[in-house]
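Dear colleague,

I am passing on to you the structure below, together with some notes on what turned up when its side chains were looked at. Please read the notes with the structure open beside them.

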Amino acid sequence: MEKIRTIAILLCLCLPLAAGAQGSALLRFSEPEQAVDTVRFDSGAITLRYPYENVSGKTVTILEVHSTCGCFTGEVDTRSLRPGGKGVLVAVFDPKSLYGDQTRYLTVVTSDGTDNVLSSIAVKGYVLRDESEGKIRYAEDLGQGLRTDTSVNALAWDSFGDFAFSIPLYNDTDEEMTLEITAPRRVKLYAPATIPARSRADLRGVYDARWKRLRTEVQETLTITVNGVATAPLHIKGTL
């Protein structure tokens, strides 16, 4: 079962099956892809029904219905089907934590006693919210349409043995923005020069700790301008 679960997770995350391409499937879903059109995030969960049929010549067992998120889950009413047997997968799509265009998948793991076969079903829709995606995902407003998740960021050891930090920056405007970011001389920055409209870029940096004693507290400040106008600073803190 763990091997099956691992395969299902990898396929869902990396190569989700096309919703109509079920040529080798043991089950055939009459409508493997359904649309909920446009819904509000606070409109409540939506129940969808996906009828299926055993199209193989053997008895088929449904081993698992795997979801990659809590926003789209499903259960089947029949776990074992003889050839030609039918059932219904009842799925629930909950938009409360979503924003914008959505395509979500469920992977159905089946077995005929010899082979394990995966099928995929999907839901598509658009989720409306009262606030922009930037305000929802990046709560800290730095000004001039630039947002991040927090104004105080922590230094941490990275895989190269450096004290480093990574800060998401989000352009919450409809125009590309030009950035100029400066830091104290002990901080080496890897900074984006521009961020496209309604897009994210990551600001990364490494702190030069060669002249600091262990367990020394570090506090540094980064300054940012957007299209030549200053925004709120970002702060870097940590203990070496």
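Which side chain meets that of Asp42 in a salt bridge? The partner is Arg40, and the N to O distance between the two side chains is 2.9 Å. Please keep in mind throughout that this is a predicted model, and that every value in this message was computed from it.

Salt bridges

Asp42 is partly exposed, with a relative accessible area of 47%, and Arg40, at 31%, also counts as partly exposed. In total, the count comes to 10 salt bridges. Another of them joins the side chains of Asp202 and Arg200, again with 2.9 Å from N to O. Asp202 takes part in a further salt bridge, with Arg204, where the closest N and O atoms are 3.6 Å apart. As for how open these residues are, Asp202 is partly exposed at 23% relative accessibility, Arg200 is partly exposed at 47%, and Arg204 is partly exposed with a relative accessible area of 44%. Returning to the pair that opened these notes, Arg40 and Asp42 belong, together with Asp130, to one network joined by salt bridges that share partners.

The disulfide

How many disulfides does the count come to? The count comes to 1 disulfide, and this link joins Cys69 to Cys71, with a distance of 2.2 Å from S to S. A disulfide is a covalent bond between the sulfur atoms of two cysteines. The angle about the S-S bond is -70°, and the link of Cys69 and Cys71 is left-handed. Cys71 has a relative accessible area of 6% and is therefore buried, the cut-off for that word being under 20%.

Gln102

Is Gln102 buried or exposed? Because its relative accessibility is 8%, Gln102 counts as buried. The side chain of Gln102 reaches the backbone oxygen of Tyr99 at 2.8 Å, and it also makes a polar contact with the side chain of Arg104, at 2.9 Å. If neighbours within four places in sequence are left aside, Gln102 is in contact with Phe93 and with Val123, Lys124, Gly125 and Val127.

With kind regards

Methods. Residues numbered from 1 in each chain as written. Predicted model: local features only at pLDDT ≥ 70, side-chain atom pairs only at ≥ 80, totals over all residues. Heavy atoms only, no water. Disulfide = S-S within 2.5 Å. Buried < 20%, exposed > 50% of the residue type's maximum accessible area, 1.4 Å probe, protein only. Polar contact = N/O pair within 3.5 Å; in protein donor to acceptor, adjacent residues only side chain to side chain. Contact = heavy atoms within 4.5 Å. Salt bridge = Lys/Arg side-chain N within 4 Å of Asp/Glu carboxyl O.
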